[in-house]
Amino acid sequence: MHKKLQQILKELTEISGIRFALYESPEEYVEGTLTENALSEKQLEELFSGAEREPAVEGYVAFPVRAAEERLLLIAEGNAPAVLVPGRMAASELQLFFDAIKKDTDKNAFAAVLLTGDIPASELYKQAGRLKLKDVPRVLYLFELAQPLEDTSALRMLTSLFADGRQDLLFLEDEKHLVLIKAYEKGVNAERAEKDVLSAMDTMLSELMIKTRVGYSTPKETLAELTDAKREAALALRIAGIFQEQREVVAYSKLGIARLIYELPKDLCEMFLQEVFGEKLPDQDIDEEMQVTIRLFFENNLNISETARQLYLHRNTLVYRLERFEKLVGLDIRRFDDAMTFQIAMMVLAHYRQM
């Protein structure tokens with residue numbers, strides 16, 4: 001939001017030749033072409049405590065602007081009457097900007113309730129109509145933040161960056177989960193959705209220093225389907241957390257076999273694990289060195305030479321390590337069938353541990 005305010009105030013200064021500063025309180029400078037220390041603390045106190053509609057001090061006139069429930073002051077450099085007309089026009093322009101943000105807030109509040117499923121079908125499109133929300137293709141992105149997002153100005157900034165279309169929605173579900181519902185043209189594909197989410201993650205890291213993981217849904221054509229979209233995005237994050245801890249971006253449409261394993265009941269998991277490993281589960285006996293070896297071996301499609309090169313090992317040393325692993329778990333992962341069995345079994349075991 002600050003970038004947009006900066007742009008508006010810069011344009012107003014270029015048009016009128018008058019410098020402006022926007023304050024939330026005498027202590028809180030928001031943005032402006034007039035520098036933060038241009039007014040003294042005493043002058044700011046007088047302007048904020050003034051009973052007039054447009055309070056003034058020597059060299060400055062203030063014009064009130066409302067943002068949600070807050071009263072802000074737009075301070076123009078100069079004396080009345082010279083600055084009254086351009087100052088009122090500037091305040092009016094800012095008021096339109098804050099009113100548009102309030103409308104976005106109303107839309108986002110509607111979306112938050114919509115995803116709970118608490119709006120009856122008969123009411124859904126009545127409320128959506130009042131907010132000018134239509135049925136268009138949308139993808140729901142669920143951001144899981146590494147640290148809480150408590151600053152409302154940060155949320156406004158994210159809204160201006162990511163939810164810049166009239167049919168886009170963005171709200172904070174709780175302090176560590178951000179929901180973005182992005183509208184697209186018909187025919188949106190997974191590549192476009194992933195490109196957008198990677199860009200959003202880079203922006204959040206560079207602008208707010210917040211790392212995040214994201215799960216996102218398949219495209220939904222109607223507002224009524226967005227509850228399913230939320231379930232898909234949340235499930236994508238949950239499943240990735242169990243089976244694919246390294247992944248930062250997870251598409252529901254690309255969960256593959258992980259989604260099938262997630263649906264397995266506990267007794268079936270126990271039966272399968274006993275069939276593969278017997279009475280003793282292997283995860284307790286696999287040390288960190290062996291885990292890294294196996295992961296790289298799988299990433300390199302069971303290629304011994306390439307895995308040995310990446311581990312800075314002699315080929316024979318890696319072969320010896322894999323033979324030792326075979327004795328430990330009873331599977332020779334150099335063979336495709338055993339490698340596939342072990343990979344699936346470890347995913348089943350991760351799911352079993354979660355249950």
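This is a predicted model: local features need pLDDT of at least 70, side-chain atom pairs count only at pLDDT 80 or more; totals for chains, interfaces and linings use all residues.

Residues are numbered from 1 along each chain as its sequence is written, and side-chain values use heavy atoms, with hydrogens and water left out.

**Backbone geometry**

Asn-301 is found in the loop between helix H10 (288-299) and helix H11 (304-310), where helices are DSSP runs of H or I with at least four residues, strands are runs of E with at least two, and both are numbered from the N terminus. Although Asn-301 is not a glycine, its phi is positive, at about 55°. Leu-302, found in the loop between H10 and H11 as well, likewise is not a glycine and has a positive phi of about 65°. Accessibility is classed as buried under 20% relative accessible area, exposed over 50% and partly exposed in between, with a 1.4 Å probe and protein chains only. On that scale Asn-301 counts as exposed because its relative accessibility is 67%, whereas Leu-302, at 23%, counts as partly exposed.

Elsewhere, a cis peptide bond with an omega of about 5° joins Ala-80 and Pro-81. The place of Pro-81 is in the loop between strand S5 (70-77) and helix H3 (84-116).

**Charged pairs**

Side chains of opposite charge can pair when their charged atoms come close. A salt bridge is taken here as a side-chain nitrogen of Lys or Arg within 4 Å of a carboxyl oxygen of Asp or Glu, and by this rule the count comes to 18 salt bridges.

| Salt bridge | Closest N and O atoms |
|---|---|
| Arg-88 and Glu-54 | 2.8 Å |
| Arg-213 and Glu-144 | 2.7 Å |
| Asp-332 and Arg-334 | 2.9 Å |

Arg-88 forms its salt bridge with Glu-54, and this pair links distant parts of the chain, since Arg-88 lies in helix H3 and Glu-54 in the loop between helix H2 (41-49) and strand S3 (56-57), 34 residues apart. Arg-88 is partly exposed, with a relative accessible area of 42%, whereas Glu-54 is buried, with 16%.

In the salt bridge of Arg-213 with Glu-144, Arg-213 lies in strand S9 (residues 212-216) and Glu-144 in strand S6 (residues 138-145), so the pair ties together parts that are 69 residues apart in sequence. Here Arg-213 counts as buried at 19% relative accessibility, and Glu-144 is partly exposed with a relative accessible area of 27%.

Asp-332 and Arg-334 belong to a network of salt bridges that also links Glu-323 and Glu-326.

**Aromatic rings**

Rings of Phe, Tyr and Trp (its six-membered ring) are paired if their centres lie within 6.5 Å, and planes under 30 degrees apart count as stacked, over 60 as edge-to-face and the rest as tilted. A search of the whole structure finds five such aromatic pairs. One of them is the edge-to-face pair of Phe-325 and Phe-342, at 5.2 Å centre to centre with 90° between the planes. Phe-325 lies in helix H12 (residues 315-329) and Phe-342 in helix H13 (residues 336-354), so the pair ties together parts that are 17 residues apart in sequence.

A charge is said to sit over a ring if NZ of Lys or CZ of Arg is within 6 Å of the ring centre and within 35 degrees of the ring normal. Arg-259 lies in this way over the face of Tyr-252, at 4.3 Å from the ring centre.

**The five-stranded sheet**

Strands of a sheet pair through backbone hydrogen bonds, either parallel or antiparallel. With two strands counted as paired if DSSP finds at least two bridges between them, an open sheet of five strands has the order S7-S8-S6-S9-S10, with mixed pairing. Strand S7 (169-174) and strand S10 (249-251) stand at the edges with a single partner strand each, so one side of each is left without a neighbour in the sheet. The twist averages 20° from one strand to the next, where axes are lines fitted to C-alpha atoms, for helices over the stretch in contact, and angles run from 0 to 180 degrees between N-to-C directions.

S7 pairs with strand S8 (residues 177-183) in the antiparallel sense over five bridges, and Phe-171 stands opposite Val-179 in S8. Helix H7 (residues 226-243) packs on the sheet, touching S6, S7, S8, S9 and S10, and its direction makes about 40° with that of S6; contact means heavy atoms within 4.5 Å.
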